[in-house]
Amino acid sequence: MANNSEFNSKIGIIAATVGSAVGLGNVWRFPAETQANGGAAFLLVYVICVLLFGIPVMLGEFAIGRAGKSDAIGSYRKLSPGKPWWISGFLGILCSYLILTFYMVVSGWTLEYLYQSISGQLFSPVPGVAEGSNLQFAERMEEYVAGVWPPMIWTWITVAICGAVLCMGVQKGIERVSNILMPLLFLILIILCVTVMTLPNASAGLAYFFHPDFSKITPDVCISALGQAFFSLSLGMGTLITYGSYFHKDTNLTKTAFTVSILDMMVAILVGMIIFPGVMSFGLEGESFGGSALVFVTFPEIFNRMWCPQLWSSLFFILLSVAALTSSISIAEVSIAYFSNHFKIKRVPATSLVMVPLVFLSALSSLSNGVLSDWTIFGYTIFGACDAFTANILMPLGAFIMAVYLGWFAPKGLMKDQLTNGGTIRNMFAAPVMFLLKWITPILIVIIFAASLLMK
Ligand code: PHE
């Protein structure tokens, strides 16, 4: 496995890590969270979270991975043998698995929309809804998500595709796919953004997205923004520890973390600049469909107004499917790397061990949007609970433990050594990053949690 478990090139490292970061989190989850948490106020807190927590935590994960050269649990064990820090890696594996259960479902929706775009069905009239009505796509999505078989079958197809790519390994599977398709996704988002700006009332959407109402910044909004930052940057669950272990010894971690975080944030902001002007322009702002349907309603609306909707729609959903795939792969890789290292098994059996139970668990998650919507946990459906619990609790908790570890308990000099590649490169960020990890990240995470508990 040796030469198969390192990324091949500098650009491959960036592409695979961006591939992990950019996914449904940016395109599907970000606009839904923005809408649920007060628009521009959420965006502002989110950007602060990325800069203040996201980048240092990402550097921390890279450092642990590259120094430990193992999976999420193994790296902690190697760096601090006999100490319980590996529990952080264990929580990560648990978290990644819970994420997979609903991530596969949304990836399945994306595949369905790709299929419907190519076949043209997406743009055919919906029975019972007046043709040309703004509710056509909303109705279609609501009905689809609540169905039994179609969303479940597409979820299973996603699990199967993901499993197949994962069996091929790190370089051949993950790196190659990411290298080609990530830049293309960026390009199409820019084209859509320019198109949307020409729609009537687009400026109202931009104002909603960019002019913050500071009174809307509550502890809950902060938790959601923190959760979104971690989710979107793939942090707090060992993914980037695992990827960090595939990095070369001369990879510049700081440059990589900055590039990945900024690109990831740019994709989310571009998506917001497409969605919210679209929502205002089509008069969808008062509609009842939940945020999770947002992307699947506004994007088709926009395509419908463009020349050759089918072409744009197909292209967009191909790219979104790939973005979802590269992220799913990175989520599953956390457990696969652990199983194959720990039980000394090959990639294919390790992948099966991870993917097979998902067939059942992701089906449950899919059904919870329809027939099982009465099964609730703290008022959330199974789908919603896995999403909120992982992003808003487990990921910040994982990041908290990691920051405390790196700031106070890790072997002396580990972080500095990793950030300067053993003293071979200068790094003016090493000291501020260490300061953030030691003091700011853990303390602020605790404050945000305490504030939201006290406000309840
Ligand atoms: N960051 C990915 C996205 O935005 C999801 C993800 C979460 C990937 C956690 C890996 C780990 O879609």
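**Pocket, cavities, helices**

Reply: Let's start with the largest pocket, which has a volume of about 860 Å³. This is a predicted model, so local features need pLDDT of at least 70, side-chain atom pairs count only at pLDDT 80 or more, and totals for chains, interfaces and linings use all residues. Residues are numbered from 1 along each chain as its sequence is written, and side-chain values use heavy atoms, with hydrogens and water left out.

Me: What makes something a pocket and not a cavity?

Reply: On a 1 Å grid over the protein atoms alone, a cavity is a set of points where a 1.4 Å probe fits but cannot get out, while a pocket is an open set with protein on both sides within 12 Å along at least five of seven lines. Lining residues have an atom within 4 Å of a point. Points are joined across faces, edges and corners, and the volume is the space filled by probe spheres set on them.

Me: Which residues lie nearest the centre of the largest pocket?

Reply: Tyr380, Gly384, Asp387, Ala388 and Asn392, out of 30 lining residues. H16 gives the largest share of that lining, eight residues. H2, H10, strand E2 (380-381), H16 and H18 each supply at least two. Those labels are DSSP runs numbered from the N terminus: helices are H or I with at least four residues, strands are E with at least two.

Me: How do the lining residues of the largest pocket divide by class?

Reply: Into 14 nonpolar, eleven polar and five charged. Here Ala, Val, Leu, Ile, Met, Phe, Trp, Tyr, Cys and Pro count as nonpolar, Asp, Glu, Lys and Arg as charged, and the others, Gly among them, as polar.

Me: How many cavities of 30 Å³ or more are there in the whole structure?

Reply: The search finds two. The largest has a volume of about 100 Å³, and of its 18 lining residues, Ser20, Tyr103, Phe231, Ser234 and Ile331 are closest to the centre. Its lining has nine nonpolar, nine polar and no charged residues. The second largest cavity has a volume of about 60 Å³, and its lining includes Glu61, Tyr76 and Met402. H5 gives the most to that lining, with three residues.

Me: Why is H5 called largely enclosed?

Reply: Because 26 of its 34 residues are buried. Buried means under 20% relative accessible area, exposed over 50%, and partly exposed in between (1.4 Å probe, protein chains only).

Me: What span does H5 have, and what is expected?

Reply: H5 reaches 49 Å from its first C-alpha to its last, close to the 50 Å expected at 1.5 Å a residue. The expected span is 1.5 Å times one less than the number of residues. Still, H5 bends by about 30° at Thr101. A bend is the angle between axes fitted to the seven residues ending at a residue and the seven starting there.

Me: Where does H18 bend, and what is its span?

Reply: H18 bends by about 45° at Leu437. Its 25 residues, 430-454, reach 35 Å, close to the expected 36 Å. Leu437 is among the buried residues of H18, along with Leu436, Thr441 and Ile445. Their cover includes helix H3 (40-68), H10, H16 and helix H17 (414-419).

Me: Why is Ser261 called buried?

Reply: Ser261 has a relative accessible area of 0%, so it counts as buried. Ser261 lies in helix H12 (residues 253-281). Leaving aside neighbours within four places in sequence, Ser261 is in contact (heavy atoms within 4.5 Å) with Val50, Ile55, Met58 and Leu233.

Me: Are Phe378 and Asn421 buried or exposed?

Reply: Phe378 has 83% relative accessibility, so it counts as exposed. Asn421 has 12%, so it counts as buried. Phe378 lies in the loop between strand E1 (376-377) and E2, and Asn421 in the loop between H17 and H18.
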